[in-house]
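Keep the sequence and the 3D view side by side.

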Amino acid sequence: MLIVVIETERLILRLFEATDLDDFYAYAKVPGVGERAGWPHHKNKEETQQVLNAFIKHQDVLAVVHKNTQKVIGSIGLHVDEERLKGRSAKLGYVLAKPYWGHGYMSEAAKALLDHIFEEDLFDTLEVAHFIENVASKRIIEKLGFEFQNEGNYTSEALNKTFHSRFYRLTKDQYLKHMSHR
C-alpha cells in the first residue's frame with residue numbers, strides 16, 4: 001500500500017527488501033529498541049526474517065535508510081484502520097536504531113511521510129500513541145502537530161505488559177494548518 005520512495009536531506013524511505021535482513025536484525029536485536037514500541041527485541045535472525053516477510057507482503061511499513069551509509073536504521077509505517085472511517089484512517093508507528101536517537105532522524109522521516117500522505121490525499125486522519133515514559137516520541141508527535149486525545153492503557157501481548165499511554169490524532173486540515181505556521 002505504501003509503494004513509494006521518499007527522499008529527505010539525510011534519509012530514503014522505501015519498501016523493505018529481502019536484502020535488508022542484516023540491517024533490520026542489527027537494530028531489532030538491541031534491548032530497549034522494540035520495547036519502546038511494544039514488541040520484544042528479536043532473539044535471532046529467524047524472528048527478524050518473519051517480521052521482514054510480513055513487511056514485504058503487506059507493504060505498510062517503510063524502511064528508513066541513512067543516505068550516507070545506505071543502511072536501514074529504522075522503520076515507519078501506517079496501519080490502516082478499515083473498521084473506522086472506511087479505511088481513510090491509519091495508525092502511525094515507527095522505530096529507530098539506538099545510535100540514531102536524538103538526532104532528528106525520525107522527525108525528518110515522519111514529516112516526509114506525512115507530507116506525502118496528505119499531499120497525495122491517502123488518508124484523512126492519522127492516529128499515534130506513545131508510552132508515557134517515551135518522551136522522545138512525545139516530542140516527535142507534538143512537533144508534527146498531532147493533537148492530544150486522551151490517556152489510557154495499551155497492553156502488549158508480545159511483552160505481556162500494560163503501558164500507560166497517550167493517544168493523539170491529526171487530520172489533514174490540522175496538519176496543513178500546523179505546517180503553514182512553521
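L15 has L62 in β3 as its bridge partner. This is a predicted model. β2 and β3 run antiparallel, joined by 5 bridges. β3 and β4 form a hairpin with 5 residues between them. In that turn, Q70 has a positive phi of about 60°.

| Strand pair | Sense | Bridges |
|---|---|---|
| β1 and β2 | antiparallel | 2 bridges |
| β2 and β3 | antiparallel | 5 bridges |
| β3 and β4 | antiparallel | 5 bridges |

How covered is strand β3 (residues 61-66)? Mostly: 6 of its 6 residues are buried. V61, A63 and V65 point one way, while L62, V64 and H66 point the other way, and all are buried.

Now the whole sheet. It is open, with 8 strands in the order β1-β2-β3-β4-β5-β6-β8-β7 and mixed pairing. β1 and β7 (147-156) stand at the edges; each has a single partner strand, so one side of each is left without a neighbour in the sheet.

Helix α1 (residues 21-28) packs on it, touching β4 (72-80) and β5 (89-96). The direction of α1 makes about 90° with that of β4. Helix α4 (residues 135-143) lies across β5, β6 (125-131) and β8 (161-171). It runs at about 160° to β6.

Back to the start of the chain. T8 sits in the loop between β1 (6-7) and β2 (11-15). Is T8 buried or exposed? T8 counts as buried because its relative accessibility is 14%, under the 20% cut-off. Leaving aside residues up to four places away in sequence, T8 touches K67, E108 and A112.

Last, the pocket. The largest pocket holds about 1200 Å³ of space. Its lining has 48 residues, and A37, L92, G93, Y94 and A129 lie nearest the centre. Which strand gives the largest share of the lining? β5 does, with 6 residues. Elements that each supply at least two lining residues include α2 (45-58), α3 (105-119), α4 and β7. By class, the lining has 25 nonpolar, 16 polar and 7 charged residues.

Definitions and conventions. Residues numbered from 1 in each chain as written. Predicted model: local features only at pLDDT ≥ 70, side-chain atom pairs only at ≥ 80, totals over all residues. Heavy atoms only, no water. Helix = DSSP H or I, 4+ residues; strand = E, 2+ residues; numbered from the N terminus. Buried < 20%, exposed > 50% of the residue type's maximum accessible area, 1.4 Å probe, protein only. Contact = heavy atoms within 4.5 Å. Pairing = 2+ DSSP bridges. Axes fitted to C-alpha atoms, helices over the stretch in contact; angles between N-to-C directions. 1 Å grid on protein atoms, 1.4 Å probe; cavity = no way out; pocket = protein on both sides within 12 Å on 5 of 7 lines; lining within 4 Å. Points joined across faces, edges and corners; volume = space filled by probe spheres on them. Nonpolar A, V, L, I, M, F, W, Y, C, P; charged D, E, K, R; others polar.
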